[in-house]
Amino acid sequence: MEALKVDNVCKTYQEFVLDHISFSIPGGAIMGFIGKNGAGKSTTIKNLLGINKKDSGTVTVFGEVFTGKENRIKEKLGVVLDETFFAPGVNAVQIEKALRIIYQNWNSRVFYDYLSMFRLDLKKNIKDYSKGMKMKLSIAAALSHDARLLILDEVTSGLDPIVRNEVLDLLLEFIQDEKRSILISSHILSDLEKICDYITYIDNGKIIFSENKDELLESYCLVKGSIQQIRKLAPDMVLGVSENAFGAQALVCADGVPDGMIVEPVTIEEMMLLWKKERK
Ligand SMILES: Nc1ncnc2c1ncn2[C@@H]1O[C@H](COP(=O)(O)OP(=O)(O)OP(=O)(O)O)[C@@H](O)[C@H]1O
């Protein structure tokens with residue numbers, strides 16, 4: 001069964017439209033959600049969680065329709081958004097007491113183990129935590145109530161490389177039982193390339209692709225050469241081109257590259273940079 005199915009979600013703001021957003025995440029998989037600043041990642045996440053009210057479309061979590069109100073489904077979700085909200089003047093121990101009441105499956109021991117692993121001061125007022133410390137606290141909370149689907153919006157960008165790697169390992173561990181899944185948005189595409197099974201790319205409120213990562217990276221490649229060589233490539237196999245004083249490179253379909261050209265594997269970051277980039 002799919003962990004999450006987003007079907008034709010639409011939302012119109014004054015100057016931005018989320019346009020028929022559809023993608024799904026199988027059980028046991030990590031989906032990376034990528035896109036430029038302002039592409040619509042956070043807006044999609046807030047609309048699918050019911051934090052903002054969508055105009056139309058359906059969101060299904062483990063086969064059940066979710067509008068944001070169903071507490072039974074909320075129990076299964078571990079959510080960390082890019083802005084963290086904690087009541088002013090409280091510390092981690094007080095937060096734990098509050099979360100214990102909210103979540104039926106809350107596990108205090110697991111929570112305190114994460115806080116110790118993240119080296120967080122339990123008695124310190126959370127308003128005096130750094131941005132990264134607040135993020136670590138939110139991640140610990142999301143992982144401590146036996147959630148089956150994690151929804152993480154830009155959670156790793158404020159973390160130092162050591163903690164970021166610890167968090168990526170935790171996420172890989174989280175999906176090991178094949179029943180849990182993760183949707184994670186990030187601008188650190190190398191992190192996503194490391195841990196994700198699927199990648200969804202949104203641009204200007206529209207899904208450009210939502211695909212299995214390995215198939216995606218096998219389907220496309222980079223071709224490098226002189227500007228003249230690159231310009232001679234058949235337009236229907238070229239997805240994007242960049243040119244500079246020293247030469248050019250094109251993102252192309254992997255089958256059908258002409259002989260005699262320099263071909264290299266492509267990364268998710270290069271795909272995003274080159275996708276639909278026009279010849280000058
Ligand atoms: N409540 C709102 N009212 C009006 N416009 C909104 C609202 N929420 C989001 N938007 C607009 O939606 C667009 C997409 O914003 P969003 O935060 O989803 O982008 P993003 O892909 O998460 O970007 P970033 O990577 O910078 O975080 C922006 O133009 C933003 O101004």
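Which residue follows H1, and is its phi positive or negative? The residue is Gly50, and its phi is positive, near 80 degrees. Keep this spot in mind as you go through the views below, all drawn from a predicted model.

**Figure 1. The whole chain, for orientation.** Let's start with an overview. The chain holds ten helices and 14 strands, and its C-alpha trace spans about 65 × 40 × 40 Å along the principal axes. Of its 280 residues, 33% count as buried. If you take the contacts between residues at least 6 apart in sequence, 68% of them join residues at least 24 apart. An unreviewed UniProt entry carries the annotation "domain: ABC transporter" for residues 4–229. Over that stretch the chain is 34% helix and 29% strand, and its end C-alpha atoms are 44 Å apart.

Figure 2. H1 covers residues 41–48 and is mostly covered, with six of its eight residues buried. You can pick out the buried ones by name: Lys41, Thr43, Thr44, Ile45, Asn47 and Leu48. H1 lies across S3, S7, S8 and S9, and runs at about 145 degrees to S7.

**Figure 3. An open sheet of six strands.** Follow the strands across the sheet and you will read the order S6-S7-S8-S3-S9-S10, with mixed pairing. Strand S6 (77–80) and strand S10 (206–212) stand at the edges; each has a single partner strand, so one side of each is left without a neighbour in the sheet. From one strand to the next, the twist averages 10 degrees. Helix H5 (residues 131–142) lies across S6 and S7, and its direction makes an angle of about 175 degrees with S6.

**Figure 4. Strands S3 and S8 side by side.** Here we zoom in on one pair from the sheet. As a reminder, strands of a sheet pair through backbone hydrogen bonds, either parallel or antiparallel. Which sense do S3 and S8 take? Strand S3 (residues 30–34) and strand S8 (residues 181–185) pair in the parallel sense, over four bridges. To find one of the partners, look at Gly32: its bridge partner in S8 is Ile184.

**Figure 5. Where domain 1 touches domain 2.** The chain is divided into domain 1 (2–204) and domain 2 (218–274). Their centres, taken over C-alpha atoms, are separated by 35 Å. Seven residues from domain 1 and four residues from domain 2 take part in the contact. On the domain 1 side, the elements giving two or more residues are helix H7 (189–195) and strand S9 (198–203). H7 gives the most to this side, with four residues. The residues on the domain 1 side divide into five nonpolar, one polar and one charged.

**Figure 6. A close look at Glu264.** This residue lies in strand S14 (residues 262–265). Is Glu264 buried or exposed? Glu264 counts as exposed, because it has 11 C-beta neighbours inside 10 Å, and a residue is exposed if that number is 12 or fewer. Leaving aside neighbours within four places in sequence, Glu264 is in contact with Cys221, Leu222 and Lys224.

Conventions. Residues are numbered from 1 along each chain as its sequence is written. This is a predicted model: local features need pLDDT of at least 70, side-chain atom pairs count only at pLDDT 80 or more; totals for chains, interfaces and linings use all residues. A residue is buried if 20 or more other C-beta atoms lie within 10 Å of its own, exposed if 12 or fewer, and partly exposed in between; C-beta atoms are placed from the backbone. UniProt positions are given in the numbering used here, feature names are shortened, and annotations may be inferred rather than shown by experiment. Domain bounds come from an automatic or database domain assignment. Two residues are in contact if their C-beta atoms, placed from the backbone, lie within 7 Å. Ala, Val, Leu, Ile, Met, Phe, Trp, Tyr, Cys and Pro count as nonpolar, Asp, Glu, Lys and Arg as charged, and the others, Gly among them, as polar. Two strands pair if DSSP finds at least two bridges between them. Axes are lines fitted to C-alpha atoms, for helices over the stretch in contact, and angles run from 0 to 180 degrees between N-to-C directions.
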